[in-house]
Each structure stands twice: as structure tokens, then as C-alpha cells.
Amino acid sequence: MRPGAGTTLLLVLRRELLLGFRRPDQVVQPLVFFLIVTTLFPLGLSVQLSLLREMAPGVLWVAALLSSLLSLEGLFKSDADDGTLEQLVLSGQGLYVIVVAKTLAHWLVSGAALLLVSPLVATALAIPWAAFPVMFLSLGLGTLTLSWLGAIGAGLTVSLKRGNVLLSLIVLPLAMPLLIFGAGATDRAIAGTNALGALYLLGALCVLTCTLAPFAAAAALKVTME
Amino acid sequence: MWTWFYRLSSPPYVYRTAAACMPWLLGGAALAIAYGVVDGLAFAPPDYQQGDAFRIIYVHAPSAWLSLFAYMTMAVAGGIGLIWRIKMGHAVAAASAPIGASFTLAALVTGSLWGRPMWGTYWAWDPRLTSELILLFLYVGVMALRSAFDDPNRGDRAAALLAVVGMVNVPIIHFSVVWWNSLHQGATVAKLGKPEMPGSMLWPLLAMLFGFMLFYGAVLCIRLRGEVLNRERQSAWVREAIGS
């Protein structure tokens with residue numbers, strides 16, 4: 001008997017997380033990249049705390065987008081290379097269930113891990129404590145949305161040899177609203193004004209991509225795997 | 001009605017129809033653009049605030065409109081190709097992408113030339129300019145994805161999927177950028193009710209818009225014929241058609 005969709009989801013999720021923990025360097029490297037990029041900005045611009053605070057949301061968000069992109073290529077690639085993905089496609093389960101599981105796992109080892117490091121970066125960029133809750137929430141919603149968008153891009157580029165640059169080229173324009181609302185929310189929180197509007201919009205984007213992106217990514221995989 | 005739809009999926013039919021339509025479209029475009037240019041540049045009254053500099057609108061606004069229209073054509077044609085597996089849909093999408101990207105570039109360049117006397121700068125991070133720039137990136141992404149595949153079938157379908165995803169995203173990008181920062185003047189023509197422009201200025205603009213649409217159609221026909229020939233180069237009718 002075939003397992004149901006829920007069981008499949010949990011099984012694939014568990015496998016992905018296990019693989020992530022068995023190869024910790026692949027989880028840690030994007031985080032280190034995130035730290036290094038955010039260090040570059042004060043070095044290149046200025047160390048004045050007031051100026052840092054002003055540009056902190058932008059720096060934080062651009063670095064978060066870039067470091068999430070780094071790990072996106074591996075979302076389907078290694079499984080496609082060793083044939084696991086084909087087996088998953090042939091397993092008879094809806095492909096979108098597998099996409100949902102893999103994307104959630106990707107978010108847990110990249111986006112959620114980024115959340116854990118973000119206080120460090122935020123302190124270094126002189127973001128006040130009071131802005132931390134909004135920053136966490138916006139980064140959480142934003143990186144999850146980015147993972148969904150990235151799943152589409154990764155699905156489209158999975159069979160290409162040098163898909164990494166193309167992946168960024170495809171995903172970054174789609175992710176620009178995230179940057180606008182995410183950095184906007186953090187900016188407002190730093191200024192001490194109400195950031196709820198931007199957070200609601202981020203939430204709406206997250207819900208939209210959660211519902212539609214798995215189907216688009218599954219279709220993308222079907223196109224490129226055939 | 002369906003026979004008409006089926007015929008559209010036949011490459012020789014598309015090839016001949018495009019050839020037959022092209023001169024009419026091109027002629028119409030020449031007439032409309034000639035009227036629009038003469039009336040718009042010579043006879044329309046100067047703007048009370050912007051003087052004669054506003055006349056660049058007669059190139060800028062149609063380009064910007066066509067950049068979106070060509071994207072929509074590309075996404076819809078690609079979607080048709082993806083859903084019903086009609087190869088000609090992909091041919092139309094592939095033919096439309098570079099034209100749309102050129103219109104986007106034209107809108108950006110004329111917009112920045114217009115911005116120089118009006119805003120005092122070539123580039124401002126204004127929402128419409130920015131979303132037009134992002135549209136250009138989307139076009140580049142679609143074209144790059146299509147050419148990245150060795151197998152043209154896969155490239156077509158991947159690019160079509162990306163175009164459809166982009167079409168869902170274009171309004172989101174547009175509104176996100178509008179709420180982010182605004183300097184551009186509001187919409188002039190597309191308002192419900194009375195347009196904010198007097199007829200003497202509006203008619204040449206509408207003529208230019210119409211002319212640009214026809215021009216787009218004509219170029220699309222030319223490019224589509226090239227696409228069809230290239231895609232069907234192994235088939236017998238192509239050898240007959242080009243007589244070799």
C-alpha cells in the first residue's frame with residue numbers, strides 16, 4: 001500500500017533534515033557567507049553608528065537574500081544527479097508533496113538557521129533591541145517566501161550544468177518585493193513606528209507563494225526532468 | 001471555431017499567415033506613427049508646465065505600454081504552448097521576448113531622457129522606472145533560460161513556465177515599488193472617466209499607441225517567420241517554401 005501524502009511529506013522532510021545534519025558544512029557555509037557580507041558593508045562605507053543604523057535593514061536583507069540563494073542550487077541538484085529525484089517522481093506521490101517537503105526542509109536549514117545568526121549581525125549593525133521582534137518575524141516570513149520562489153527557480157535550472165548564475169538571475173527579480181517590504185518593516189521598527197503594514201504584506205506574499213509555488217515548482221521539475 | 005484554433009498550430013499555416021499579415025500591419029503602423037509624430041511634435045500645444053519637453057511622451061508612453069503588452073503576449077502564448085502542447089505558442093513566445101525587451105529598454109531610455117529636464121536627473125529610483133527595470137530583468141531571465149537548454153523543447157517549456165510565474169509577479173512587483181517610493185506623475189490616459197489630457201494632445205498619443213501596437217505586430221510576424229523556419233528546418237515544406 002502506498003503511504004498517504006502526509007506520511008510522504010514527513011518521510012521526505014525527515015530525510016532532508018537528516019542529510020542536512022550529516023553535512024553540516026553545507027548548512028554552515030551560507031551562514032558564514034551571511035556574516036562576511038554584512039561585515040563588508042561597514043568596512044566599505046563607514047563605522048558611524050548612526051549611519052550604520054540607517055542602512056542596517058538594507059544590508060541585513062540583501063545579505064539574507066544572497067546567502068539563501070547560495071543554498072538554493074542544492075535544493076534539487078544533488079538528488080537529481082544521483083537519481084533520487086527520478087525515484088521520487090516515479091513514486092506515484094504527487095510531486096508537489098515532495099516539493100513542499102524539500103522546500104520546508106530547505107527553509108529549516110537555511111532560513112531558520114539564518115534567523116538564529118541574525119541577532120549577532122543585528123547587534124553589529126547597531127539595530128536596537130526593540131526592533132528585534134519585527135526583524136525576526138520579517139526575516140522568517142521573507143526567507144520562507146524566498147525558499148518557495150527559489151524552489152521554482154531551482155526546479156527550472158536543475159538539469160543545467162551551470163545553473164547557479166541563471167538561478168540568481170531568475171529568482172532575484174521575483175524576490176524584489178520581499179526586499180522592499182522586509183527592509184521596510186525593519187526600518188520602521190528601528191525608527192520606532194508601526195511596522196504592521198509591511199509585515200502583513202510579507203505574510204500575504206508568504207501565503208500566496210506557499211499555495212501556488214509548490215505547483216509551479218512541480219511543473220518546473222516535470223518540464224526539466226522529462 | 002476550433003478548426004481555426006487547430007490551424008493556428010500548423011507551422012506552414014502560421015508561416016504563410018504571418019507573411020500575409022505583415023505588410024498590412026507595417027503599412028498601418030507607418031500611417032499611424034506618421035500622423036502621431038507630425039501632430040504630436042508639430043501641432044499639439046506645449047504643456048503649460050513642461051513646455052515642449054513633454055513631447056517625449058509620444059515615444060515613452062507607447063513603449064512602456066508595449067513592454068507590458070509584449071510580456072503578456074509572451075506569457076499567454078507560452079502558457080498555451082505549455083498547456084496544450086502547441087509548438088507555435090512557444091514560437092510566438094520566443095519571437096515576442098526580444099521585441100518586448102527592446103520596448104522595455106526604449107521606455108527606460110526615453111524615461112531617463114525625460115527625467116533629466118523634469119526631475120533634474122537621468123535616473124531616479126521612482127516606482128515606475130524601477131518596475132520597468134525589473135521587467136527588463138524578467139525578460140532577460142526568460143530569454144537566458146530558453147537559451148540555456150540544449151534541448152529546445154525543454155527550453156521553450158521552462159521559459160514559458162517562468163513567463164507565467166513572472167506574469168503573476170508583475171502586479172506584485174509594481175505595487176510593492178509604488179508603495180515604496182513615488183515621484184512619477186500619476187496615470188494620465190488610463191483613468192476611468194475623463195482623461196486628464198486635452199484632445200489635441202491625446203489624439204496623437206492614441207495614434208502613436210495604435211501605431212506601436214501595429215508595429216509590434218509586424219515585427220512579431222517577421223520574427224515569428226524566422227522562428228518557424230528555424231524550428232521546422234528539417235521538414236519538407238520548409239525546403240519547398242524556401243525553394244532549395
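In this predicted model, helix α4 of chain B is kinked by about 25° at B:S96, shortly before the proline B:P98. The notes below describe α4(B), its packing against α7(B), and the contact between chain B and chain A.

**Helix α4 of chain B**
- The helix α4(B) has 33 residues, and the distance from its first C-alpha to its last is 46 Å, close to the 48 Å expected at 1.5 Å a residue.
- Just after α4(B), B:G120 adopts a positive phi of about 80°.

**Packing of α4(B) against α7(B)**
- Helix α4 (residues 87-119) of chain B packs against helix α7 (residues 199-231) of chain B at an angle of about 125°, and their axes lie 8 Å apart.
- The two helices, α4(B) and α7(B), are therefore oblique to each other.
- The crossing in which α4(B) passes α7(B) is right-handed.
- On the α4(B) side, the residues that meet α7(B) include B:K87, B:A91 and B:S96, and B:S96 is also the site of the kink.
- On the α7(B) side, the residues in this contact include B:Y216, B:L220 and B:R231.
- By class, the contact of α4(B) with α7(B) comprises 10 nonpolar, 1 polar and 4 charged residues.

**Contact between chain B and chain A**
- Chain B contributes 20 residues to the contact, and chain A contributes 18 residues.
- On the side of chain B that touches chain A, the elements giving two or more residues are α5 (127-148) and α6 (152-180) of chain B.
- The most is given by α6(B), with 12 residues.
- The residues on this side of chain B divide into 15 nonpolar, 3 polar and 2 charged.

Technical notes: Residues are numbered from 1 along each chain as its sequence is written. Chains are lettered from A and ligands numbered from 1 in the order in which they are written. This is a predicted model: local features need pLDDT of at least 70, side-chain atom pairs count only at pLDDT 80 or more; totals for chains, interfaces and linings use all residues. Axes are lines fitted to C-alpha atoms, for helices over the stretch in contact, and angles run from 0 to 180 degrees between N-to-C directions. Helices (H or I, at least four residues) and strands (E, at least two) are DSSP runs, numbered from the N terminus. Angles under 35 degrees count as roughly parallel, over 145 as roughly antiparallel, 65 to 115 as roughly perpendicular and the rest as oblique. A crossing is left-handed if the near helix is turned anticlockwise from the far one by less than a right angle, and right-handed if clockwise. Two residues are in contact if their C-beta atoms, placed from the backbone, lie within 7 Å. Ala, Val, Leu, Ile, Met, Phe, Trp, Tyr, Cys and Pro count as nonpolar, Asp, Glu, Lys and Arg as charged, and the others, Gly among them, as polar. The expected span of a helix is 1.5 Å times one less than its number of residues. The bend at a residue is the angle between axes fitted to the seven residues ending there and the seven starting there.
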